[in-house]
Amino acid sequence: MDNFTVGVVVFPGSNCDRDVLWALEGCLDIRTKYLWHESSDLSDVDAIVLPGGFSYGDYLRCGAIARFSPLINALDDFVKSGRRVLGICNGFQILTESGFLPGVLTANKNLNFICDDVELDIVSLKGGWFNDGGKKQTIKLPIAHGEGRYYCDSDTLKKLVDSELIALKYKNNPNGSSFDIAGITNEKGNVLGLMPHPERACDETIGGTDGLFTLKSLILK
Amino acid sequence: MDQFAVKVFVRLRPSVLDPAGEATKSASIKLGAEGIKSLRIGKMIEVKIEGNGENEVREKIDLLCDRLFANTVIEDYEYSLKKL
């Protein structure tokens, strides 16, 4: 496990890549490296984080252009191999646009860019992203997004519920997301997308440490 | 090779909330415009493209619309095509 390396993908317009690196290396002592989005060689990383930001200026739709980068093309084999992928905020938007996760993230109901701490219920432990041994059923994480309203059709929603793919729900839905959804996983559980920012909740001095567990679980096999 | 001018319209599906459209509707009413029943905002994309005949160009535009211009989870698209 000593050589376990997490790749943090950098797109033009990513702006939480350094926060993720700080949280992983500085707070958790996990070896981390940046991956430029034009790289398609993922052979020396064991897990990947798609960080927040505004990849390609959010042109067309959030995440729509990033989906066509060489790195995202290479992600399919990476995910199939069972290695873990965490998409935070814009990373979550990229994962839905590229079909790794169902549904879509679109403009907040009230059109505000919301920057706040939110209370979240842990709904599913699939993939172990929130499995801290049952210590917490509710966590507090920061959100910062203008387009975080999760939407999917009713058949997809039923599948999410039936297959326990909803990882996190907002206690007080801030953006109009269907079914209060804040984060979901794929069927296998090795891909998690969420709008809240765990990397911004990794030190008591900046308001909390509820994000540590999710980042730490990147090293789960 | 023939060249075509294509206008693609991308619209939010009727069932999907359009907060920007609602805000613009509200501003329109404040401006004094009366009788507005609905206002929804979409996108129009203009493409000049060449290919061997209309059918081939339609295939290319269908792919672009389905995979890039629109997210069909929430959006519908249609386009018009004019030979140049």
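Figure 1. Helices (H or I, at least four residues) and strands (E, at least two) are DSSP runs, numbered from the N terminus. This is a predicted model, in which local features need pLDDT of at least 70 and side-chain atom pairs count only at pLDDT 80 or more, while totals for chains, interfaces and linings use all residues. Residues are numbered from 1 along each chain as its sequence is written, and chains are lettered from A and ligands numbered from 1 in the order in which they are written. For the model, ipTM is 0.83 and pTM is 0.93.

Figure 2. Along the principal axes, the C-alpha atoms of chain B fill a box of roughly 50 × 25 × 15 Å. The radius of gyration of chain B is 16 Å, whereas a compact globule of 84 residues would have one near 12 Å; the value is taken over C-alpha atoms, and the globule rule is 2.2 Å times the number of residues to the power 0.38. Of the 84 residues of chain B, 14% are buried. A residue is buried if 20 or more other C-beta atoms lie within 10 Å of its own, exposed if 12 or fewer, and partly exposed in between, with C-beta atoms placed from the backbone.

**Figure 3. The side of chain B that touches chain A.** Nine residues of chain B are in contact with 14 residues of chain A; contact requires C-beta atoms, placed from the backbone, to lie within 7 Å. On the chain B side, helix H1 (residues 19–31) gives the most, with three residues. By class, this side of chain B holds eight nonpolar residues, one polar residue and no charged residues. Ala, Val, Leu, Ile, Met, Phe, Trp, Tyr, Cys and Pro count as nonpolar, Asp, Glu, Lys and Arg as charged, and the others, Gly among them, as polar.

**Figure 4. Nonpolar cores.** A nonpolar core is a set of buried Ala, Val, Leu, Ile, Met, Phe, Trp, Tyr and Cys residues joined through C-beta atoms within 7 Å. The largest has 68 residues, and A:Val9, A:Val49 and A:Ala167 have the most contacts inside it. Another core, of eight residues, lies apart from it and includes B:Val10, B:Phe69, B:Ala70 and B:Tyr77.

**Figure 5. Strand S10 of chain A and its partners.** All five residues of S10(A) (residues 181–185) are buried. S10(A) pairs with strand S9 (residues 166–170) of chain A in the antiparallel sense over three bridges, with A:Ile181 as the bridge partner of A:Lys169; pairing requires at least two DSSP bridges between two strands. Three bridges also join S10(A) to the antiparallel strand S11 (residues 191–194) of chain A, where A:Leu192 stands opposite A:Thr185. The hairpin of S10(A) and S11(A) has five residues between the strands, and A:Gly189 in the turn has a positive phi of about 95 degrees.

**Figure 6. Surroundings of A:Glu38.** A:Glu38 lies in the loop between strands S2 (31–36) and S3 (47–50) of chain A. A:Glu38 counts as exposed because it has 11 C-beta neighbours inside 10 Å. Leaving aside neighbours within four places in sequence, A:Glu38 is in contact with A:Ser69 and A:Pro70. The C-alpha atoms of A:Glu38 and A:Phe11 are 8.5 Å apart, and the two residues are 27 apart in sequence.

Note on methods
Two residues are in contact if their C-beta atoms, placed from the backbone, lie within 7 Å.
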